[in-house]
Amino acid sequence: MNQKKAIIRLFSVLTALWLAGCSAIDCPMNNMVHTQFAFKGEVSTLTDTLSVWAVRQNGTDTILFNRGVNISTLSIPISYQQEEDMLVFHFTNPTTKVSTNDTIYIKKENTPHFESADCPPTFFHKLTEVSCTHHLLDDVVLNETEVDYDATKQHIFIYYRPSD
């Protein structure tokens with residue numbers, strides 16, 4: 001009888017160790033990377049209301065940021081495998097209610113990144129070129145080209161001209 005209890009205990013301990021080993025996989029909770037934008041120059045805090053959407057390759061739009069006010073930085077998810085992202089920045093003056101769109105084009109190289117065979121794949125990116133239309137934007141400048149899990153990097157500086 002004691003031998004049977006010892007075998008059951010041993011089996012229980014081995015099962016617990018096996019389960020603990022499986023739960024020790026270090027997959028990131030959020031495997032999506034974001035491009036960090038910062039407003040610079042004469043206007044470093046945006047007073048206009050801002051919405052941002054992406055224009056996808058199939059022609060559909062998807063809202064990425066909706067109705068932000070008094071912002072100085074912005075975090076926008078980046079596409080996984082497109083070679084160029086097209087982001088429409090929709091500015092609305094809170095006083096006049098006049099809306100203006102500017103489009104930012106981001107060219108990039110995509111690199112698959114694997115934490116472990118048990119984790120879902122993600123993509124890191126190298127930004128190679130950035131440009132924009134110039135309705136309210138004076139310029140956009142690449143500051144940091146490597147887009148990965150580091151959310152402290154400011155990748156793109158936006159030089160904004162306030163609407164009247």
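This is a predicted model: local features need pLDDT of at least 70, side-chain atom pairs count only at pLDDT 80 or more; totals for chains, interfaces and linings use all residues.
View 1. To get your bearings, look for V52, which stands opposite F89 in β5.

**View 2. F91 and Y160 form a tilted aromatic pair.** Their ring centres are 4.9 Å apart, with 35 degrees between the planes. The two come from distant parts of the chain: F91 belongs to strand β5 and Y160 to strand β10 (residues 156-160), 69 residues apart. F91 counts as buried because its relative accessibility is 0%. Y160, at 3%, counts as buried too.

**View 3. F124 and Y149 meet edge-to-face.** The planes stand at 90 degrees, and the ring centres are 5.1 Å apart. F124 lies in strand β7 (residues 122-132) while Y149 is in the loop between β9 and β10, so this pair ties together parts 25 residues apart in sequence. Y149 is partly exposed, with a relative accessible area of 31%.

**View 4. Ring pairs link up into a cluster.** Its members are F37, F39, F89, F91 and Y160. For the model, the count of aromatic pairs comes to six.

**View 5. A charge sits over a ring at K40 and F157.** The charged end of K40 is 4.8 Å from the centre of the F157 ring.

Conventions. Residues are numbered from 1 along each chain as its sequence is written. Side-chain values use heavy atoms; hydrogens and water are left out. Two strands pair if DSSP finds at least two bridges between them. Helices (H or I, at least four residues) and strands (E, at least two) are DSSP runs, numbered from the N terminus. Rings of Phe, Tyr and Trp (its six-membered ring) pair if their centres lie within 6.5 Å; planes under 30 degrees apart count as stacked, over 60 as edge-to-face and the rest as tilted. Buried means under 20% relative accessible area, exposed over 50%, partly exposed in between (1.4 Å probe, protein chains only). A charge sits over a ring if NZ of Lys or CZ of Arg is within 6 Å of the ring centre and within 35 degrees of the ring normal.
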